[in-house]
Amino acid sequence: MTAFNLTEDHLGSAPSSAPAKSMQEVVTADSLAAFRAAPKKSLAFGLGLDSTGVLLSVLDNPADYGIAKDFSDFFVMTALTGFEFPDTIAAVQKHVLPRLREKNIRYVQVARAGPRDGDGVAVVSDTTNPGKMFSRGPWTLMDELEANGTVPQFAGDHLCSLKYKAWPQDRLQLAQAGGQTVGKLFGYNDDEHRRAAKANKHQARRDKEAGTQTFALDYPLIRLGLDREGVKEFVTDKLGVAMPKSYCPVCPFSGVCSPQPDHLERLRKFPALAARVLRLEYVSMALNANSSLYKDDTLFRRVTDDQNNDALGEFAARLDDQDWSVYRLQRAYTAGRRPECRTAHGDRCAKPECRDSSIKGTVYRSVKTVRTGTRAEAGAFLHNAAVALGRPVEHSASAHGAGIDRVRTRVRPDAKAYGSTEDFYVAAPAGVQDKARAGFATVWAQMTAGQTAGTTPCEES
């Protein structure tokens, strides 16, 4: 069994297996000392293999972490995204919760209470006798994605995780801390120095803004030099089972979070769950042909190539059985500012001559529901609208294999040229909320002034 104790050898220097420079950027003797000194200590338990490894280490050796023998100064917290694989939920309930009950450790399950930060945090469970692992709270990641008609963005700062994991945990902890520092352990392993360094940088910025140390972060797996395989060996030895990986089925990094063959096998195990993600991707690509789940590929193609007929059948049934809508999509692609403009004119400049049509600026989107009914009714309305507008119905299966019908009234002449607009009607499953980016109406009016387009069909609710 892999050794899993924080001895003095781990307090200030890197294990031989870890790059020293990277190690020094994320864990130091001071960071562990700050965690130990915090009056309240916690583990951000993400339900997966790595955070399970940290938890098992804490349960075996609380003193190594400066945690009281009776765990009275320690608690475990999970933020529910609302879209975990069922086998992850079942494994945590069966193999982890009994150990928390045995040690009388406080376990808090939280979630976002609504789509806006002002809706606050919902405490789904807060007990030292946890018997149930909940799968969701009042508002979930998929609720938001389906309401917006979009898949998670591939690029960026893992905004899904920040919004649905970090935010509810931090908000509740800060509210309960009474101004005192909260120690927080993370399950980043020795392959994830960059993630830890990024978390430290973000925390330093928050502490500077608050004028005090709000959280004392530490990363035991990095300190011990344990990579993914080392953690897997330890957890499997302790529990007698290989814990399933924890990640959202809708994650665009699913080929990274789990090897693609393993991910596809999991989707075969849960075809209804796969069908829900397939539906979201279809809606997302109906509203934006480039908005597939993966950067250069679709989940639909991967599931089709995998011959996952159960998931494809569930997906087809969902498309046939539910209401559909005809949506009107309008986008204004503004041109970005030239680099020399930013140098000369600072953060803001509205001069047209400072814009470059080859540089992407802000994209303003508006989506409106024009008609809702059965799939056949939505299709018939779209075809009638095409006749009224004098435009063809474009049926395309090139982007999505299931095929998508659109009627375009404004077409961008070049997808790589900015300072242009597009306007089209599309039929897709219902449920996307009407929404326009702030400032859309003004920008749209400015960019389409003096231009002509097809006549707008009668809108119906």
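User: How much space lies in the second largest pocket?
Analyst: This is a predicted model, and the values here are computed from it. A general idea comes first: rolling a probe the size of a water molecule over the atoms shows where empty space is left. For the second largest pocket, the space comes to about 500 Å³.

User: Which element gives the largest share of the lining of the second largest pocket?
Analyst: The lining of this pocket has 19 residues, and T334, A335, C349, A350 and R355 lie nearest the centre. Elements that give two or more residues to the lining are β7, β8 and α18. The largest share is five residues, and the element they come from is β8.

User: Which residues of helix α18 are buried, and why can they be placed on the same side of the helix?
Analyst: In α18, residues 440–448, the buried residues are F440, V443, W444, M447 and T448. They lie on the same side because they cover an arc of only 115° around the axis. In general, an α-helix has 3.6 residues a turn, so residues three or four places apart point the same way.

User: How many disulfides are counted in the model?
Analyst: In general, a disulfide is a covalent bond between the sulfur atoms of two cysteines. The pair must have its sulfur atoms within 2.5 Å. For C354, the closest cysteine sulfur is in C341 at 3.6 Å, so it is too far for a bond. The count of disulfides is zero.

User: Is C354 buried or exposed?
Analyst: Buried means under 20% relative accessible area. The relative accessible area of C354 is 9%, so C354 is buried.

User: What is the phi of L47, and where does L47 lie?
Analyst: In general, most residues other than glycine have a negative phi. L47 is not a glycine, yet its phi is positive, near 80°. L47 is buried, with a relative accessible area of 3%. The place of L47 is the loop between β1 and α3.

User: Is Q307 buried or exposed?
Analyst: Q307 also is not a glycine and has a positive phi, of about 55°. Q307 is found in the loop between α14 and α15. Exposed means over 50% relative accessible area. At 63% relative accessibility, Q307 therefore counts as exposed.

User: Which side chain makes a polar contact with the side chain of T150?
Analyst: T150 is in the loop between α6 and α7. Leaving out residues up to four places away in sequence, T150 touches L145, L280, S284 and S291. The polar contact, at 3.5 Å, is with the side chain of Q153.

User: How far apart in space are S161 and A79?
Analyst: S161 belongs to helix α7. With a relative accessible area of 33%, S161 is partly exposed. S161 and A79 are 82 residues apart in sequence, and their C-alpha to C-alpha distance is 9.6 Å.

How values were computed:
Residues are numbered from 1 along each chain as its sequence is written. This is a predicted model: local features need pLDDT of at least 70, side-chain atom pairs count only at pLDDT 80 or more; totals for chains, interfaces and linings use all residues. Side-chain values use heavy atoms; hydrogens and water are left out. Helices (H or I, at least four residues) and strands (E, at least two) are DSSP runs, numbered from the N terminus. Buried means under 20% relative accessible area, exposed over 50%, partly exposed in between (1.4 Å probe, protein chains only). The arc is that of the directions from the helix axis to the C-beta atoms. A polar contact is a pair of N or O atoms within 3.5 Å; within protein, one must be able to donate a hydrogen and the other to accept it, and residues adjacent in sequence count only if both atoms are side-chain atoms. Contact means heavy atoms within 4.5 Å. On a 1 Å grid over the protein atoms alone, a cavity is a set of points where a 1.4 Å probe fits but cannot get out, and a pocket is an open set with protein on both sides within 12 Å along at least five of seven lines; lining residues have an atom within 4 Å of a point. Grid points are joined across faces, edges and corners, and a volume is the space filled by probe spheres set on the points.
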